[in-house]
Amino acid sequence: MTGDSSIPPSFHQRDASDATYLSAFLHRDLSGTGDVVLAYEAALRSWFGAAAAVSVSSGSAAVMVALGALGLRPGDEVVVPPTAPLCTVYPILAMGGVPVFCDTREDGFGLDLDDLESVVGPRTRAIIEVPMWGYPTPLIPLRAFADDLRLPLVLDLAHGHGIRLSGRPLWTYGHLATFSTHESKFLSTGEGGFILTDDADLAKAARRFSRRGGLNGRHLGLSLTLCGLQAALGLRRLRLLNEHLRVRGQNARHILKQLTQPQLQELPVTSGGEPNYYFLVLRHRGGSAHDLIEQLAAQGIPSDIRRYRCRPLYEFPILSAYRHPCENARRLLGSMTTIPVHPSLTTTELDRIAAAINHVSRL
Ligand SMILES: *Cc1c(COP(=O)(O)O)cnc(C)c1O
(Lines give C-alpha, C1' and ligand atoms only; values in the text may rest on other atoms or scores of the structure.)
Protein backbone atom coordinates (compact mmCIF):
# COMPACT_ATOMS: atom_id res chain seq x y z
CA MET A 1 0.00 0.00 0.00
CA THR A 2 1.90 3.05 -1.25
CA GLY A 3 1.34 5.72 -3.87
CA ASP A 4 -2.21 7.03 -3.69
CA SER A 5 -2.78 5.75 -0.18
CA SER A 6 0.33 7.49 1.27
CA ILE A 7 -0.30 9.66 4.29
CA PRO A 8 0.99 13.21 3.65
CA PRO A 9 3.63 14.18 6.26
CA SER A 10 2.24 17.70 6.62
CA PHE A 11 -0.83 19.56 5.48
CA HIS A 12 -1.25 22.55 3.23
CA GLN A 13 -3.15 25.48 4.58
CA ARG A 14 -4.41 26.42 1.12
CA ASP A 15 -7.83 27.79 0.50
CA ALA A 16 -9.64 28.38 -2.78
CA SER A 17 -10.18 32.04 -1.87
CA ASP A 18 -6.47 32.76 -1.16
CA ALA A 19 -5.96 34.34 -4.60
CA THR A 20 -8.83 36.81 -4.21
CA TYR A 21 -7.72 37.59 -0.68
CA LEU A 22 -4.09 38.20 -1.70
CA SER A 23 -4.93 40.30 -4.76
CA ALA A 24 -6.37 42.96 -2.45
CA PHE A 25 -2.88 43.43 -0.97
CA LEU A 26 -1.09 44.01 -4.26
CA HIS A 27 -1.57 47.77 -4.18
CA ARG A 28 -0.11 48.03 -0.65
CA ASP A 29 3.52 48.54 0.48
CA LEU A 30 4.81 44.95 0.42
CA SER A 31 8.27 45.66 1.87
CA GLY A 32 9.39 44.12 5.14
CA THR A 33 8.79 47.45 6.88
CA GLY A 34 5.41 48.18 5.24
CA ASP A 35 2.04 48.36 6.96
CA VAL A 36 1.03 44.77 6.04
CA VAL A 37 4.04 43.37 7.89
CA LEU A 38 3.33 45.67 10.84
CA ALA A 39 -0.28 44.41 10.96
CA TYR A 40 0.96 40.79 10.90
CA GLU A 41 3.37 41.49 13.75
CA ALA A 42 0.52 43.05 15.77
CA ALA A 43 -1.58 39.91 15.14
CA LEU A 44 1.33 37.69 16.26
CA ARG A 45 1.72 39.75 19.46
CA SER A 46 -1.94 39.34 20.17
CA TRP A 47 -2.19 35.57 19.45
CA PHE A 48 0.94 34.74 21.45
CA GLY A 49 0.52 37.39 24.16
CA ALA A 50 3.97 38.85 23.49
CA ALA A 51 5.23 42.39 24.03
CA ALA A 52 7.21 42.23 20.77
CA ALA A 53 7.13 40.20 17.54
CA VAL A 54 9.75 40.63 14.79
CA SER A 55 8.89 38.90 11.52
CA VAL A 56 11.77 37.54 9.42
CA SER A 57 12.32 35.59 6.20
CA SER A 58 12.71 32.07 7.69
CA GLY A 59 13.09 30.07 10.87
CA SER A 60 16.82 29.88 10.15
CA ALA A 61 16.91 33.67 9.87
CA ALA A 62 15.04 33.87 13.19
CA VAL A 63 17.80 31.87 14.93
CA MET A 64 20.45 34.02 13.28
CA VAL A 65 18.68 37.24 14.29
CA ALA A 66 18.31 35.99 17.89
CA LEU A 67 22.07 35.37 18.01
CA GLY A 68 22.75 38.74 16.37
CA ALA A 69 20.49 40.48 18.90
CA LEU A 70 22.49 38.84 21.71
CA GLY A 71 25.69 40.24 20.23
CA LEU A 72 27.25 36.89 19.30
CA ARG A 73 30.89 37.35 18.28
CA PRO A 74 33.11 34.97 16.28
CA GLY A 75 34.43 32.27 18.62
CA ASP A 76 31.57 32.57 21.10
CA GLU A 77 30.06 29.26 22.15
CA VAL A 78 26.37 28.40 21.85
CA VAL A 79 25.04 25.34 23.68
CA VAL A 80 22.54 23.28 21.70
CA PRO A 81 21.05 19.75 21.94
CA PRO A 82 22.21 17.26 19.25
CA THR A 83 18.56 16.28 18.71
CA ALA A 84 17.89 19.63 17.00
CA PRO A 85 17.61 19.78 13.20
CA LEU A 86 20.66 20.89 11.21
CA CYS A 87 18.88 24.19 10.53
CA THR A 88 19.16 25.23 14.19
CA VAL A 89 22.95 24.86 14.11
CA TYR A 90 23.81 26.29 10.67
CA PRO A 91 23.00 29.86 11.78
CA ILE A 92 25.47 29.47 14.68
CA LEU A 93 28.19 28.49 12.19
CA ALA A 94 27.18 31.27 9.78
CA MET A 95 27.63 33.81 12.59
CA GLY A 96 31.12 32.49 13.37
CA GLY A 97 29.91 30.88 16.60
CA VAL A 98 30.94 27.50 17.97
CA PRO A 99 28.16 24.97 18.58
CA VAL A 100 28.65 23.07 21.85
CA PHE A 101 26.49 19.96 22.13
CA CYS A 102 24.84 19.06 25.41
CA ASP A 103 22.97 15.82 26.03
CA THR A 104 19.21 15.70 26.45
CA ARG A 105 17.38 14.31 29.46
CA GLU A 106 16.64 10.60 29.47
CA ASP A 107 12.94 11.01 28.82
CA GLY A 108 12.66 13.83 26.31
CA PHE A 109 14.17 16.70 24.34
CA GLY A 110 15.06 19.07 27.18
CA LEU A 111 18.75 19.74 27.91
CA ASP A 112 20.18 17.60 30.71
CA LEU A 113 21.19 20.00 33.51
CA ASP A 114 24.14 17.87 34.70
CA ASP A 115 25.65 17.74 31.23
CA LEU A 116 24.84 21.42 30.76
CA GLU A 117 26.81 22.25 33.88
CA SER A 118 29.80 20.40 32.41
CA VAL A 119 29.74 22.10 28.99
CA VAL A 120 29.14 25.77 29.90
CA GLY A 121 32.24 27.87 30.36
CA PRO A 122 33.64 31.37 30.04
CA ARG A 123 33.07 31.47 26.26
CA THR A 124 29.40 30.39 26.46
CA ARG A 125 27.28 33.17 25.04
CA ALA A 126 23.84 31.55 24.84
CA ILE A 127 21.88 28.35 25.42
CA ILE A 128 19.40 27.16 22.79
CA GLU A 129 16.66 24.72 23.84
CA VAL A 130 14.82 22.96 20.99
CA PRO A 131 11.53 21.29 21.98
CA MET A 132 10.90 18.92 19.05
CA TRP A 133 7.67 17.91 17.29
CA GLY A 134 5.43 19.93 19.58
CA TYR A 135 6.33 18.49 23.00
CA PRO A 136 7.14 20.88 25.86
CA THR A 137 10.41 20.46 27.76
CA PRO A 138 10.88 21.17 31.50
CA LEU A 139 11.84 24.81 31.06
CA ILE A 140 11.36 26.06 34.61
CA PRO A 141 14.62 24.54 35.97
CA LEU A 142 16.47 25.33 32.71
CA ARG A 143 15.50 29.01 32.88
CA ALA A 144 16.59 29.12 36.54
CA PHE A 145 19.94 27.57 35.55
CA ALA A 146 20.42 30.14 32.76
CA ASP A 147 19.45 33.04 35.03
CA ASP A 148 21.91 31.89 37.73
CA LEU A 149 24.73 32.07 35.19
CA ARG A 150 23.32 35.22 33.53
CA LEU A 151 23.19 33.37 30.22
CA PRO A 152 20.46 34.15 27.69
CA LEU A 153 18.10 31.27 26.90
CA VAL A 154 16.86 31.07 23.30
CA LEU A 155 13.97 28.72 22.49
CA ASP A 156 13.88 27.40 18.94
CA LEU A 157 10.12 26.90 18.72
CA ALA A 158 9.90 26.19 14.99
CA HIS A 159 7.57 23.35 16.06
CA GLY A 160 6.22 25.18 19.07
CA HIS A 161 3.17 27.32 18.22
CA GLY A 162 0.65 27.03 21.02
CA ILE A 163 2.58 24.68 23.35
CA ARG A 164 1.91 25.50 27.01
CA LEU A 165 3.68 24.73 30.26
CA SER A 166 2.25 25.30 33.74
CA GLY A 167 -0.49 27.48 32.32
CA ARG A 168 1.82 29.76 30.31
CA PRO A 169 2.76 29.77 26.61
CA LEU A 170 6.06 27.88 26.29
CA TRP A 171 7.77 30.76 24.48
CA THR A 172 7.58 32.95 27.63
CA TYR A 173 10.27 30.81 29.33
CA GLY A 174 12.99 32.05 26.95
CA HIS A 175 14.63 35.46 26.68
CA LEU A 176 13.95 35.12 22.97
CA ALA A 177 11.87 32.54 21.10
CA THR A 178 12.24 31.82 17.40
CA PHE A 179 9.59 30.34 15.08
CA SER A 180 9.42 29.11 11.48
CA THR A 181 6.43 29.56 9.16
CA HIS A 182 7.85 27.37 6.40
CA GLU A 183 5.25 25.60 4.24
CA SER A 184 5.56 22.40 6.32
CA LYS A 185 5.19 24.04 9.75
CA PHE A 186 2.30 24.65 12.11
CA LEU A 187 1.57 28.09 10.65
CA SER A 188 2.62 28.57 7.03
CA THR A 189 3.55 31.66 5.02
CA GLY A 190 5.42 29.57 2.42
CA GLU A 191 8.77 30.73 3.77
CA GLY A 192 9.04 32.83 6.90
CA GLY A 193 9.69 33.07 10.59
CA PHE A 194 9.44 35.39 13.58
CA ILE A 195 10.92 36.15 16.96
CA LEU A 196 8.99 36.80 20.16
CA THR A 197 10.31 38.50 23.28
CA ASP A 198 9.06 40.51 26.22
CA ASP A 199 12.43 42.28 26.51
CA ALA A 200 12.29 45.70 24.84
CA ASP A 201 16.07 45.97 24.32
CA LEU A 202 16.31 42.51 22.72
CA ALA A 203 13.30 43.32 20.52
CA LYS A 204 14.99 46.50 19.33
CA ALA A 205 18.28 44.68 18.66
CA ALA A 206 16.48 41.86 16.79
CA ARG A 207 14.55 44.35 14.67
CA ARG A 208 17.71 46.29 13.85
CA PHE A 209 19.79 43.20 13.00
CA SER A 210 17.09 41.87 10.63
CA ARG A 211 16.58 45.28 9.01
CA ARG A 212 20.09 46.03 7.74
CA GLY A 213 21.34 47.29 11.09
CA GLY A 214 19.23 50.37 10.50
CA LEU A 215 21.86 51.35 7.86
CA ASN A 216 23.38 53.64 10.47
CA GLY A 217 26.97 52.55 9.89
CA ARG A 218 27.35 51.57 13.54
CA HIS A 219 25.35 48.35 13.87
CA LEU A 220 25.80 45.22 11.78
CA GLY A 221 22.68 43.85 10.17
CA LEU A 222 21.32 41.97 7.19
CA SER A 223 18.15 42.17 5.16
CA LEU A 224 16.22 39.25 6.64
CA THR A 225 12.74 40.69 6.41
CA LEU A 226 9.46 39.03 5.42
CA CYS A 227 7.65 40.11 2.25
CA GLY A 228 4.25 41.76 2.73
CA LEU A 229 2.42 39.10 0.69
CA GLN A 230 3.69 36.39 3.02
CA ALA A 231 2.65 38.53 5.99
CA ALA A 232 -0.83 38.79 4.45
CA LEU A 233 -1.03 34.98 4.31
CA GLY A 234 0.12 34.83 7.91
CA LEU A 235 -2.61 37.28 8.96
CA ARG A 236 -5.22 35.07 7.32
CA ARG A 237 -3.92 31.76 8.65
CA LEU A 238 -3.28 32.90 12.23
CA ARG A 239 -7.06 32.95 12.63
CA LEU A 240 -7.15 29.18 12.00
CA LEU A 241 -4.52 28.23 14.59
CA ASN A 242 -6.86 27.66 17.55
CA GLU A 243 -8.99 25.28 15.51
CA HIS A 244 -5.86 23.48 14.22
CA LEU A 245 -4.61 23.03 17.78
CA ARG A 246 -7.93 21.52 18.79
CA VAL A 247 -8.11 19.12 15.84
CA ARG A 248 -4.50 17.96 16.23
CA GLY A 249 -5.07 17.11 19.90
CA GLN A 250 -8.25 15.27 18.99
CA ASN A 251 -6.49 13.30 16.20
CA ALA A 252 -3.62 12.33 18.53
CA ARG A 253 -6.08 11.05 21.15
CA HIS A 254 -8.04 9.21 18.44
CA ILE A 255 -4.92 7.22 17.51
CA LEU A 256 -3.60 6.77 21.07
CA LYS A 257 -6.80 5.25 22.40
CA GLN A 258 -6.68 2.53 19.71
CA LEU A 259 -3.06 1.43 20.29
CA THR A 260 -2.54 -2.08 21.62
CA GLN A 261 1.25 -2.63 21.37
CA PRO A 262 2.52 -2.80 24.96
CA GLN A 263 6.05 -1.90 23.76
CA LEU A 264 4.94 1.50 22.44
CA GLN A 265 4.07 4.58 24.44
CA GLU A 266 3.62 8.24 23.73
CA LEU A 267 6.74 10.29 24.47
CA PRO A 268 6.22 11.25 28.14
CA VAL A 269 4.69 14.73 28.40
CA THR A 270 6.61 16.85 30.88
CA SER A 271 4.66 17.64 34.06
CA GLY A 272 2.31 20.59 33.54
CA GLY A 273 2.93 20.56 29.79
CA GLU A 274 0.45 20.70 26.90
CA PRO A 275 1.85 19.56 23.51
CA ASN A 276 0.51 21.18 20.33
CA TYR A 277 0.62 17.84 18.47
CA TYR A 278 2.63 19.12 15.55
CA PHE A 279 3.24 15.37 15.44
CA LEU A 280 2.35 12.52 17.76
CA VAL A 281 5.63 11.04 19.02
CA LEU A 282 5.69 7.33 19.86
CA ARG A 283 8.54 5.73 21.70
CA HIS A 284 9.61 2.09 21.93
CA ARG A 285 9.92 1.35 25.64
CA GLY A 286 12.96 -0.86 25.43
CA GLY A 287 14.66 -0.78 22.09
CA SER A 288 14.95 0.50 18.58
CA ALA A 289 12.11 2.00 16.54
CA HIS A 290 13.77 0.93 13.28
CA ASP A 291 11.36 -1.92 12.46
CA LEU A 292 8.36 0.19 13.40
CA ILE A 293 9.51 3.01 11.11
CA GLU A 294 10.30 0.74 8.15
CA GLN A 295 7.08 -1.27 8.38
CA LEU A 296 4.98 1.90 8.61
CA ALA A 297 6.91 3.42 5.67
CA ALA A 298 6.05 0.34 3.59
CA GLN A 299 2.39 1.24 4.20
CA GLY A 300 2.82 4.86 3.19
CA ILE A 301 3.04 6.26 6.72
CA PRO A 302 5.96 8.70 6.85
CA SER A 303 8.38 9.40 9.73
CA ASP A 304 10.46 12.54 10.18
CA ILE A 305 13.12 10.32 11.75
CA ARG A 306 13.48 8.45 8.45
CA ARG A 307 12.98 11.46 6.22
CA TYR A 308 15.70 13.57 7.87
CA ARG A 309 17.90 10.61 8.91
CA CYS A 310 17.76 11.94 12.48
CA ARG A 311 20.78 11.13 14.62
CA PRO A 312 22.90 13.16 17.05
CA LEU A 313 24.01 16.10 14.92
CA TYR A 314 27.73 15.59 15.55
CA GLU A 315 27.44 12.37 13.49
CA PHE A 316 26.90 14.45 10.33
CA PRO A 317 30.22 15.27 8.59
CA ILE A 318 29.75 19.05 8.74
CA LEU A 319 29.51 18.93 12.55
CA SER A 320 31.92 16.10 13.36
CA ALA A 321 34.48 18.56 14.76
CA TYR A 322 32.02 19.39 17.55
CA ARG A 323 31.52 15.82 18.72
CA HIS A 324 30.39 15.42 22.35
CA PRO A 325 28.94 11.97 23.03
CA CYS A 326 25.29 12.27 24.03
CA GLU A 327 23.94 8.84 24.96
CA ASN A 328 20.46 9.96 25.99
CA ALA A 329 20.01 11.86 22.74
CA ARG A 330 21.20 8.90 20.66
CA ARG A 331 18.84 6.52 22.47
CA LEU A 332 15.93 8.97 22.26
CA LEU A 333 16.22 9.46 18.48
CA GLY A 334 16.79 5.74 17.93
CA SER A 335 13.74 4.65 19.90
CA MET A 336 11.07 7.04 18.56
CA THR A 337 9.05 7.93 15.52
CA THR A 338 6.70 10.73 14.49
CA ILE A 339 3.11 10.04 13.49
CA PRO A 340 1.22 12.66 11.43
CA VAL A 341 -1.95 13.96 13.14
CA HIS A 342 -2.45 17.15 11.11
CA PRO A 343 -5.90 18.59 10.41
CA SER A 344 -6.26 17.34 6.84
CA LEU A 345 -6.26 13.66 7.89
CA THR A 346 -9.63 11.91 7.73
CA THR A 347 -10.96 9.55 10.40
CA THR A 348 -10.41 6.70 7.93
CA GLU A 349 -6.75 7.69 7.56
CA LEU A 350 -6.30 8.00 11.35
CA ASP A 351 -7.85 4.55 11.81
CA ARG A 352 -5.57 3.15 9.11
CA ILE A 353 -2.51 4.61 10.91
CA ALA A 354 -3.60 3.10 14.25
CA ALA A 355 -4.25 -0.31 12.65
CA ALA A 356 -0.88 -0.25 10.90
CA ILE A 357 0.90 0.50 14.19
CA ASN A 358 -0.98 -2.34 15.91
CA HIS A 359 0.04 -4.77 13.16
CA VAL A 360 3.77 -4.02 13.28
CA SER A 361 5.57 -7.29 13.93
CA ARG A 362 8.76 -8.10 15.90
CA LEU A 363 8.50 -5.08 18.21
C1 LIG B 1 12.21 24.16 10.31
C2 LIG B 1 13.09 24.44 11.45
C3 LIG B 1 14.02 25.48 11.45
C4 LIG B 1 14.31 26.29 10.21
O5 LIG B 1 13.20 26.95 9.73
P6 LIG B 1 13.19 27.42 8.19
O7 LIG B 1 12.00 28.30 8.11
O8 LIG B 1 13.05 26.18 7.36
O9 LIG B 1 14.47 28.12 7.94
C10 LIG B 1 14.76 25.73 12.58
N11 LIG B 1 14.60 25.00 13.68
C12 LIG B 1 13.72 23.98 13.75
C13 LIG B 1 13.55 23.21 15.04
C14 LIG B 1 12.95 23.66 12.62
O15 LIG B 1 12.09 22.64 12.67
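Guide: Two strands count as paired if DSSP finds at least two bridges between them. Keep that cut-off in mind; this is a predicted model.

Visitor: What makes strand 6 and strand 7 a pair?

Guide: Two bridges join strand 6, residues 164-165, to strand 7. The cut-off is at least two bridges, so they pair. They run antiparallel. R164 has P169 of strand 7 as its bridge partner.

Visitor: Which strands form the open sheet, and in what order?

Guide: Three strands form it, in the order 7-6-11, with antiparallel pairing. Strand 7 (168-169) and strand 11 (273-274) are the edges. Each has a single partner strand, so one side of each lacks a neighbour in the sheet.

Visitor: How do you know that strand 4 pairs with strand 2?

Guide: Strand 2 (residues 77-80) and strand 4 share three bridges, in the parallel sense. At least two are needed, so the pairing holds. In strand 4, T124 is the bridge partner of E77.

Visitor: What about strand 4 and strand 5?

Guide: Strand 5 covers residues 153-156 and pairs with strand 4 in the parallel sense, over three bridges. There, E129 has L155 of strand 5 as its bridge partner.

Visitor: Why is strand 4 called mostly covered?

Guide: Five of the six residues in strand 4 (residues 124-129) are buried.

Visitor: Why is V119 called buried?

Guide: The relative accessible area of V119 is 13%. Buried means under 20%, so V119 qualifies.

Visitor: Where is V119 found, and what does V119 touch?

Guide: V119 belongs to helix 5, residues 113-119. Leaving out residues up to four places away in sequence, V119 touches E77, V79, V100, F101, C102, T124 and H324. Its C-alpha atom is 9.7 Å from that of D103, which is 16 residues away along the chain.

Visitor: Which residues of helix 4 are buried, and why do they line one face?

Guide: In helix 4 (residues 86-94) they are T88, V89, P91 and I92. Down the axis of helix 4, these buried residues fall within an arc of 150°, so they line one face. Their cover includes helix 3 (59-69), strand 2, strand 3 (98-101), strand 4 and strand 5.

Visitor: What follows just after helix 4?

Guide: G96, which takes a positive phi of about 80°.

Visitor: How do you know that the buried residues of helix 12 line one face?

Guide: The buried residues of helix 12 (residues 327-334) are N328, A329, L332 and L333. Seen down the axis of helix 12, they fall within an arc of 125°, so they line one face. They pack against strand 12 (280-284), helix 11 (304-307) and strand 13 (336-339).

Visitor: Which residues come nearest to the ligand?

Guide: Of the 14 residues around the ligand, the nearest are G59, S60, D156, H159 and K185.

Visitor: How much of the ligand is buried by the protein?

Guide: Alone, the ligand exposes 380 Å², and the protein buries 89% of that.

Definitions and conventions: Residues numbered from 1 in each chain as written. Predicted model: local features only at pLDDT ≥ 70, side-chain atom pairs only at ≥ 80, totals over all residues. Heavy atoms only, no water. Helix = DSSP H or I, 4+ residues; strand = E, 2+ residues; numbered from the N terminus. Buried < 20%, exposed > 50% of the residue type's maximum accessible area, 1.4 Å probe, protein only. Arc of directions from axis to C-beta. Contact = heavy atoms within 4.5 Å. Near = heavy atom within 4 Å. Areas by Shrake-Rupley, 256 points an atom, 1.4 Å probe, with all protein chains shown as cover.
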